[in-house]
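Dear colleague,

I am handing over the structure below, followed by an account of what was found in it. Please read the notes on conventions before using any of the values.

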Amino acid sequence: MLSFIRKRAFASLISLIGLLVMVFFLSRLTGDPASLFLPVEASAEMKAEFRALHGLDQPLLVQFGQYVGNVLTGDLGESLRKARPALDVVLEAFTWTLWLAVITMTLVTVCAIVVGSLAAFRTGGFFDRFSSMVSLIGASVPDFWLAIVAIVVFAIQLSWLPTSGTGSLAHWILPICVLFVRPFGIIVQVVRGSMITALSSAYVKTARAKGVKSGPIIFVHALRNAMLPVITVIGDQAASLLNGAVVIETIFGFPGVGKLMIDSILQRDFNVVLAAILVTAFAIFLMNLVIDLAYALLDPRIRY
Amino acid sequence: MADHLLEVRNLSVDFHTASGVVHAVRNISYYLDRGETLAILGESGSGKSVSSSAIMNLIDMPPGKISSGEILLDGQDLFKMSSEARREVNGRRIAMIFQDPLSHLNPVYTVGWQMREALKTHGIGNAKAQEEALRLFKRVALPDPERALDKYPHEFSGGQRQRVMIAMALALKPDLLIADEPTTALDVTVQAEVLNLLKELQRETGMGVLIITHDLGVVSEVADRVVVMEKGQLVESGTVREVYHNPQHAYTKKLISAAPGKGDMHEPATAGEPILSVKDARKFYGGFEALKGVSFDLKAGETVAVVGESGSGKSTLARILLRLEEADGGTAKWKGKDLFTMSPGELFKLRRDLQMVFQDPTQSLNPRMTVYQLISEAWVIHPEILPKAKWRERVAELLGQVGLSAEHMGRYPHQFSGGQRQRIAIARALALEPKLIVCDEAVSALDVSVQAQVITLLDKLRKEMGIAFIFIAHDLPLVRDFADYVMVMQKGEVVEFGTVAQVFDNPQKPYTQALLAASLDPDPDVQAANRNARLASAS
């Protein structure tokens, strides 16, 4: 198990380095920060000074070398906009995103498993058809549209909930509800399919022959077997939330990492962009490791 | 009159499918008393398992429907009970074991957990359940029972898993045990042990046993009475002896005559050079030596049967000969050239000569290809064999050769029965005009009567086309009828090699003798004599 974690960590390190290289060079292609930061009437000397101050006058490779050296010592540079360490800025935003993702995915997972399992238990029944319809709609509705409609209805017309920002529990409700819809729709369908297979399996027949009640047959015998493909999809969906739900965070003015990334890209705040990518990539790597371990936990036949 | 333990009266079960109503069983009646063993004998599709599923309430309704009849357990009609009452009956009064214990045990829970669940479901406390589970594991002679409880199903061998199933079924001392093909997936010696265990347990508990099987040998070994089923109908019933010696119905007669192991044995021709000469073939999987130096020769038109139990290395041998896996030592001279070290280019040309027919035609035929595509694909890969203009004609000819007809060309594999699918697989192998066909358990999955047809076909091909066969099988009577030479393998080694007559009539090695002794004879009298001889030699 430890050697598995080491192997995975090494493989992920390589992809992290690749990611770093790509993002660093691509971000330098998007324009000159000096002309963006300084007023239009700034002189050439002022620009040169600005570049020298931030090391932007060095050749790209030298800049990259310095950057990698700094990263290895835990220094991700300063945010050009906020004059604070980039890492601090990112971690602050990431905490918001993490909470949003954790709460949403917990709700999604619990609801999707219950609904998907019950739908699979009586395939073709009313509940199955109803939940199939709901989940199909959920999986296909564009979330930005849903977000805007939700704001119009619940925040503006009914005035039940705040339109955007943070500050109270009520501020969380709309973003969570909107983010809930798509992963819920997708995961319900995966749970349903996987549970239909599990419920028609031979070991379920054995359980019925033993006289086991329906509840334990669904939620003890079949569900644990059905969870493997489901976990993969949960991980996938969680990853897209951890990346920062860019559009939703922007619409709701939610200070998460997705919104931070977009803002920093628009402002050429390279250090923050790079730090945000590193932090989310690391988080996704950790989550994948947890998923692999969950496989082994759920299925004794999987051993690393 | 006292009630029978179990009585099935005029049971009919239908399945409502998209393509119409299927009458799975029609008006069948049978009974079973305490301490008695009744066998339901039938081939696939005969509906032999349907009545037991009805007894256990395992039929999904819909699409299933009990259209008539009743099932009485001690005079009480199961169909009139509430579903909760039937759930209570399951496990407590009637228990069931299945053909494939690996898929019938939940892979993600320990067997101890599954044992305790069976007990706890019917109101036994945790501590008592643990104690009982251990007692039962000891009773079914699982090695190291304390530790076995904490293991998962995949950590046991097939025979051990079936012992776990039996222990679980007997947990609540049921009055009736239903065994659905309990030994079909097991090796012969393990089959003998499991059947023996079932009989011992029956003597101890006095339960009635309903055994569902396609194997006449199993019937003659364990059953008192037998009912024969064909196409959902019960065609014959009686004591095993009566039915075997004096079958009334044409279908029963056909089944009995199709049982292999009664024909003349082959006298292998001795002339000619070997086309394949294997010397000291070895294969390792990591540190495990799967083949420990296997040698044999094969001449054109000859059949070598490779027999042995699971783990003996017989399939590994097939795979390295066809270079589906690389050998780790030894040579295999095919017309003077070493198969094991041949370059990919040479091997490609040689693929024509060496073909393989697998056990499960459902899996080895691509379900999205028509029969024509499946067979002619060989010529797409080896275009030198046949110009495209003649493909249709040749496919029709090949289909004729394997007993199908040209009109089957446009159909897909799922439209055929198991036996027909295996014929398609054989036609596909023949398309390349091979010199050697390796059959890996090629008829094991087929019904006895279909098995006989496929064997006849293979024998015809051997005689007419001089094809040599390596015939991997675990079914000894079948080998006796078809092979020239028999190679008995155990744990990667050749234990015994000889002509069929030598090996079957005068086995030299104890392992071969044990294999032959464990093989079941369809004749109840012969089987009883074998059993007595075995018991006598054991004591």
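How many of the 304 residues of chain A count as buried? The share is 33%, where a residue is buried if 20 or more other C-beta atoms, placed from the backbone, lie within 10 Å of its own.

This is a predicted model, in which local features need pLDDT of at least 70 and side-chain atom pairs count only at pLDDT 80 or more, while totals for chains, interfaces and linings use all residues. Residues are numbered from 1 along each chain as its sequence is written, and chains are lettered from A and ligands numbered from 1 in the order in which they are written.

Chain A has 13 helices and 0 strands, with helices (H or I, at least four residues) and strands (E, at least two) taken as DSSP runs and numbered from the N terminus. Along the principal axes, the C-alpha atoms of chain A fill a box of roughly 85 × 55 × 30 Å.

Chain B, by comparison, has 22 helices and 20 strands, and buried residues make up 46% of its 539 residues. The C-alpha trace of chain B spans about 75 × 50 × 45 Å along its principal axes.

Strand β14 (residues 329-334) of chain B is joined to β15(B) by 2 bridges, and the two run antiparallel; Trp334(B) has Lys337(B) in β15(B) as its bridge partner.

As for the interface, 18 residues of chain A are in contact with 23 residues of chain B, a contact being two residues whose C-beta atoms, placed from the backbone, lie within 7 Å. On the side of chain A that touches chain B, α9 (202-210) and α10 (214-242) of chain A are the elements that give two or more residues, and α9(A) gives the most, with 7 residues. The residues of that side divide into 6 nonpolar, 5 polar and 7 charged, where Ala, Val, Leu, Ile, Met, Phe, Trp, Tyr, Cys and Pro count as nonpolar, Asp, Glu, Lys and Arg as charged, and the others, Gly among them, as polar.

With best regards

Technical notes:
Two strands pair if DSSP finds at least two bridges between them. A residue is buried if 20 or more other C-beta atoms lie within 10 Å of its own, exposed if 12 or fewer, and partly exposed in between; C-beta atoms are placed from the backbone.
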